[in-house]
Amino acid sequence: MVELAMPRIVRLEEHVVNRIAAGEVIQRPVSALKEMLENSLDAGSTQVVVTVKEGGNKLLQIQDNGHGIARDDLHLLCERHATSKLRSFEDLQGIGTLGFRGEALASISFVAHMAVTTMQHDAVHGLSASYRDGIMDTGSPTPCAAVPGTTITVEDLFYNVLTRKKALKNGTEEYSRILDIVSRYAVFKAGTGFTVKRQGEARADLHTLPSASRLDNIRAIYGPGVANSMLALKHSVGDMAVASSSSFSSDGPVFTAEGYISSASHQGKRSTFILFINGRAVDCSPLKRAIDAVYTTVLPKAAKPFVFLELTMPGSHVDVNMHPTKKEVGFLHQEDVVDGLRAAVEHQLLASNNERTYTQT
Ligand code: ADP
Ligand code: MG
């Protein structure tokens, strides 16, 4: 009989556990950027400036004018499962912030070099600190000159995860993913101005103003051709007020949808589908498929739609804790919601088509 070597179970060392976990949350530069962007928005920022070098592989910097970080919190900034946003598991239901797990900055610090400068609005000076493997490696924060808000700089992403680093060599592809996610938030978050630029370039590749409307931002980012074809969409099902005040799920779908969809006369080259559910940028392939199917019946072959939708549902209907990068959320009555939205899009497209025929004759 062959004797098999018996592998024994041992506990992994903490830094191994942390680096493995970090790889799940921070899959590529854009995941780090999305987390930092969401932190800036959670901090109430009205200006966010993103600077990128080599698609974020070399440098990702995000500067905001949010509420800043208290001096005494800085030593916990990159500690795993440390957060200012959640206290109890129950808080997760209907959570008002984009973050809640206290994992993002910790994860970034396990796979990159990170530096922070922050200044609270009533402070006389700023503070800076740098982090590695979850810990402030400067020991304590250093006073510095600053403007109110927070700047986080991430350098040499995946310097210690070589397979990942090799797989992400293409900075152009990474940069376009970064532009894509900031574009989505820029349309959604009218009231906040966003800038994205490559380090060393004077001209920004994306720039929106805090005073601009969603439609202005669609125009600035996706072009006048898209903006001029937009039809407003508004649709609601059930009573949000009643459903939100009860912690139990109701029998049927309850939601409001608001957004802009391209008319049947718009012939885009690429399909753009921007979806926010309860304030989060998410993917929902069943919904995208259903809406695409409506457009294939009204658009010529190869022409693509632009769809921006904001869905609001009672907190008790949505599970935000579904995916390590929070890229998907679960929600109740998905089929009914998808079907209702498909019908609303179809209705709006047909109505606008008839109107056009009517005004032309
Ligand atoms: P989470 O967002 O889930 O709380 P993060 O790791 O993303 O976890 O951030 C940890 C904490 O750091 C946040 O809870 C927040 O208090 C603080 N923080 C991070 N980024 C910023 C920022 N740009 N402005 C103010 N506070 C920030
Ligand atoms: Mg966060």
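Visitor: Which residues come nearest to ligand 1?

Guide: Asn39, Thr83, Ser84, Gly99 and Ala104 come nearest, out of 22 residues around ligand 1. This is a predicted model: local features need pLDDT of at least 70, side-chain atom pairs count only at pLDDT 80 or more, and totals for chains, interfaces and linings use all residues. Residues are numbered from 1 along each chain as its sequence is written, while chains are lettered from A and ligands numbered from 1 in the order in which they are written.

Visitor: What classes make up the shell around ligand 1?

Guide: The shell has seven nonpolar, ten polar and five charged residues. Ala, Val, Leu, Ile, Met, Phe, Trp, Tyr, Cys and Pro count as nonpolar, Asp, Glu, Lys and Arg as charged, and the others, Gly among them, as polar.

Visitor: Which helices supply at least two residues each to the shell around ligand 1?

Guide: Helix 2 (29–42) and helix 3 (104–111) do. Helices are DSSP runs of H or I with at least four residues, strands are runs of E with at least two, and both are numbered from the N terminus.

Visitor: Why is helix 3 called largely enclosed?

Guide: A residue is buried if 20 or more other C-beta atoms lie within 10 Å of its own, exposed if 12 or fewer, and partly exposed in between, with C-beta atoms placed from the backbone. Eight of the eight residues of helix 3 are buried, so the rest of the structure largely encloses this helix. Ala104 and Ile108 are among them.

Visitor: What covers the buried residues of helix 3?

Guide: The cover includes helix 1, helix 2, strand 3 (113–119), strand 4 (126–132) and strand 7 (149–155).

Visitor: What makes a set of residues a nonpolar core?

Guide: Its members are buried Ala, Val, Leu, Ile, Met, Phe, Trp, Tyr and Cys residues, joined through C-beta atoms within 7 Å. The largest such core has 83 residues. Ile108, Leu275 and Ile277 have the most contacts inside it. Helix 5 gives the largest share of this core, seven residues. Domain 1 (14–219) and domain 2 (223–360) each provide at least three residues. Domain bounds come from an automatic or database domain assignment.

Visitor: How do you know that Leu275 is in contact with Val282?

Guide: Two residues are in contact if their C-beta atoms, placed from the backbone, lie within 7 Å. Leaving aside neighbours within four places in sequence, Leu275 is in contact with Val282, Cys284, Leu287 and Leu309.

Visitor: How do you know that strand 12 and strand 13 pair?

Guide: Strands pair if DSSP finds at least two bridges between them. Two bridges join strand 12 (residues 272–277) to strand 13, and the two run antiparallel. In strand 13, Arg280 is the bridge partner of Ile277.

Visitor: Why do strand 10 and strand 13 stand at the edges?

Guide: They belong to an open sheet of five strands, in the order 10-11-14-12-13 with mixed pairing. Strand 10 (230–237) and strand 13 (280–281) each have a single partner strand, so one side of each has no neighbour in the sheet.

Visitor: Why is strand 1 described as largely enclosed?

Guide: Five of the seven residues of strand 1 (residues 47–53) are buried, so the rest of the structure largely encloses this strand. Strand 1 pairs with strand 8 (residues 193–198) in the parallel sense, over six bridges. With strand 2 (residues 59–64), strand 1 pairs in the antiparallel sense over six bridges.

Key. A residue is near a molecule or strand if its C-beta atom, placed from the backbone, lies within 6 Å of it.
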